[in-house]
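Trainee: I would like to learn how to read contacts and salt bridges in a model. Could you take me through one, feature by feature?

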Amino acid sequence: MKVLVPVKRVIDFNVKARVKSDQSGVDLANVKMSMNPFCEIAVEEAVRQKEKGAVTEVVAVSIGPIQAQETLRTALAMGADRAILIQTDQDLEPLTVAKLLKAVIAEESPDAVIMGKQAIDGDNNATGQMLAAILDWPQATFASAIELAAGKAKVTREVDGGLQTLEVSLPAIITADLRLNEPRYASLPNIMKAKKKPLDVKEAGSLGVDLKQHLKVLKVTEPAKRAGGIKVETAADLVSNLKTAGVL
Amino acid sequence: MAVLVIADHDNASLKDNTHKTVTAALALSKDVDVLVAGAGAKGVADAAAKIAGVRKVLLAESDELGHGLAEAVEAVVVPLMANYDAVLTPATSQGKNFSPRVAAKLDVAQISEIVEVVDASTFVHPIYAGNALETVQSSDAKKVITVRPTAFKAAAEGGSASVETISSGSGAAKTKFVDQQLVKSERPELAGAKIVVSGGRAMGSAEEFQRVIEPLADKLGAAVGASRAAVDAGYAPNDYQVGQTGKVVAPELYVAIGISGAIQHLAGMKDSKVIVAINKDGDAPIFQVADFGLVADYKSAVPELMDALTAAGK
């Protein structure tokens, strides 16, 4: 069984995103970039499934600038077998990303796609579901457990108020939630080995997908700052303040 | 233009998220219909008909819709969109599951988790876990939108719309529902709770976390949350995590105990109405966002807070 794992290069989750003063976007110059945390969980899951013998090949794919090769090397160091970069400097919307992934899937014919439920930059939580829709594949989003079998997958999903288990026929799209696993740190020997694994680069423009923007960004602003608070001396002061604020 | 709102419910009762989404929809159009897709959900549809401002309620029922299967919801909503210019869904895990599918089938963008309607094609939504607000203008003829419920007031009761039963669509041939385990907790759900009490790494152990955080949460009728540091250390389960990679919450009252306030945690709770921080380090970043800060060791402060709440009749 072959699994495709799309991964995204985003601002590191421990770095505070800062809005540019001209309101044109978030400043990414000289900011630490890393693999999106949910994508890491997806890579980890695919590699664990391979270690268990349920999967034979793990292919990582990223859509982004040339530097996304670093993100792919991280995936390879975690245990992916090979990688594909669909190179573009354009900021693409989830629907366009889904269409590009569909083109990759047409060439690679994976049995399943395991991907993060959301990227922590755009926070859309949409690409996996959109990809499932345009492929007419079933989807199992927000996975906290995955069992792969011949022709099907049993997926436990995080839903409002609990867990839901679905069985989807393969090929299918599965998106990873936080509880699925804890991603490993790549060991130094594996990082060295990853440098020799195959990484193909293709131009996004070469896949026959219209890269048009449906949404025009008018401005990006900072949210209103919280008004300064006060320090209270005792727990009793705290309770009386909360009563005055009307939240108790 | 006419707008469709997809109701949030559990087949038995209509959730308040629906009322909030109706408010967002009424900012787009006066012609707002509500779709209830479920199983045995006639009561939900009747409740939706009572929301002020709703023109008509559509009810589609099947087992697959009852389980909220994304493919089944898509099969009902996509054909309906011939009659609507926009569809708005509360950004719950259920809404986030099917809404992007609807958008992709219509070949339009999804405008995710809007917090403000500027005009019929311009919306504000948070990105980077709320560290930035992006204003976008859609060029799509049909708009597919998810709505962050905490950003809108609930529409009032007092409507008397008609309920019309419609076809339940073609189902979900490739997906089978197996089972579900809903948590039977007396505590409210973290994402929608009015009060959240969260503990951090200062707790030092899972036993201490339970001993300190849970009784306080129960006294306040609150949900329990945790910082990523506490979760990573194994003091609290992963689904308690509040933050950029966990849950984003915006309760009326957020109580952070022994939490220093890492960026990734602040991103998940800074839209709370009132924030309380209890931490023995007076320089902890959590105090920069707290409305009320108590510089004290939680070991003495939490018992004192419990006593003060009891004295206040809680």
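Mentor: Gladly. Keep in mind that this is a predicted model. Let's start with polar contacts: between domain 1 of chain B and domain 2 of chain B there is one residue pair in polar contact, with both residues at pLDDT 80 or more.

Trainee: Now the interface between the chains. What is the area buried between chain A and chain B?

Mentor: Chain A and chain B bury about 6,800 Å² between them, and carbon and sulfur atoms give 56% of that area. Asp160(A), Leu215(A) and Arg226(A) supply 10% of the area that chain A buries against chain B, more than any other three residues. In terms of residues, the contact takes 75 from chain A and 86 from chain B.

Trainee: Which polar features cross the interface of chain A and chain B?

Mentor: The interface of chain A and chain B holds 41 residue pairs in polar contact, both partners being at pLDDT 80 or more. Five salt bridges also cross between chain A and chain B. One salt bridge joins Lys99(A) to Asp107(B), with their closest N and O atoms 2.7 Å apart. The side of chain A that touches chain B divides into 39 nonpolar, 18 polar and 18 charged residues.

Trainee: Where do Lys2(A) and Glu108(A) sit in the fold?

Mentor: Lys2(A) belongs to strand β1 (residues 2–7) of chain A and Glu108(A) to helix α3 (residues 94–108) of chain A, so this pair links distant parts of the chain, 106 residues apart.

Trainee: Are Lys2(A) and Glu108(A) buried or exposed?

Mentor: Lys2(A) and Glu108(A) are both buried.

Trainee: How does the pair Lys50(A) and Asp81(A) read?

Mentor: Lys50(A) and Asp81(A) form a salt bridge, their closest N and O atoms being 2.5 Å apart. Lys50(A) lies in helix α1 (residues 37–51) of chain A, while Asp81(A) is in the loop between α2 (68–78) and β5 (82–87) of chain A, 31 residues apart.

Trainee: Why do Lys50(A) and Asp81(A) count as partly exposed?

Mentor: Buried means under 20% relative accessible area and exposed means over 50%. Lys50(A) has a relative accessible area of 31%, so Lys50(A) is partly exposed. Asp81(A) has 22% relative accessibility, so Asp81(A) is partly exposed too.

Trainee: Which residue does Lys202(A) pair with?

Mentor: Lys202(A) forms a salt bridge with Glu107(A), and the closest N and O atoms are 2.6 Å apart. Lys202(A) lies in strand β11 (residues 199–203) of chain A and Glu107(A) in helix α3 of chain A, so the pair ties together parts that are 95 residues apart in sequence. Lys202(A) is partly exposed, at a relative accessible area of 25%. Elsewhere, salt bridges that share partners join Lys2(A), Glu57(A), Arg82(A) and Glu108(A) into one network.

Trainee: Stepping back, what is the secondary structure of chain A?

Mentor: Chain A has six helices and 13 strands. Of its 248 residues, 55% count as buried. Among the contacts in chain A with a separation of 6 or more, 69% come from residues 24 or more positions apart.

Terms used. Residues are numbered from 1 along each chain as its sequence is written. Chains are lettered from A and ligands numbered from 1 in the order in which they are written. This is a predicted model: local features need pLDDT of at least 70, side-chain atom pairs count only at pLDDT 80 or more; totals for chains, interfaces and linings use all residues. Side-chain values use heavy atoms; hydrogens and water are left out. A polar contact is a pair of N or O atoms within 3.5 Å; within protein, one must be able to donate a hydrogen and the other to accept it, and residues adjacent in sequence count only if both atoms are side-chain atoms. Helices (H or I, at least four residues) and strands (E, at least two) are DSSP runs, numbered from the N terminus. Buried means under 20% relative accessible area, exposed over 50%, partly exposed in between (1.4 Å probe, protein chains only). Contact means heavy atoms within 4.5 Å. Buried area is the accessible area (1.4 Å probe) that two parts lose on being put together, summed over both. A salt bridge is a side-chain nitrogen of Lys or Arg within 4 Å of a carboxyl oxygen of Asp or Glu. Ala, Val, Leu, Ile, Met, Phe, Trp, Tyr, Cys and Pro count as nonpolar, Asp, Glu, Lys and Arg as charged, and the others, Gly among them, as polar.
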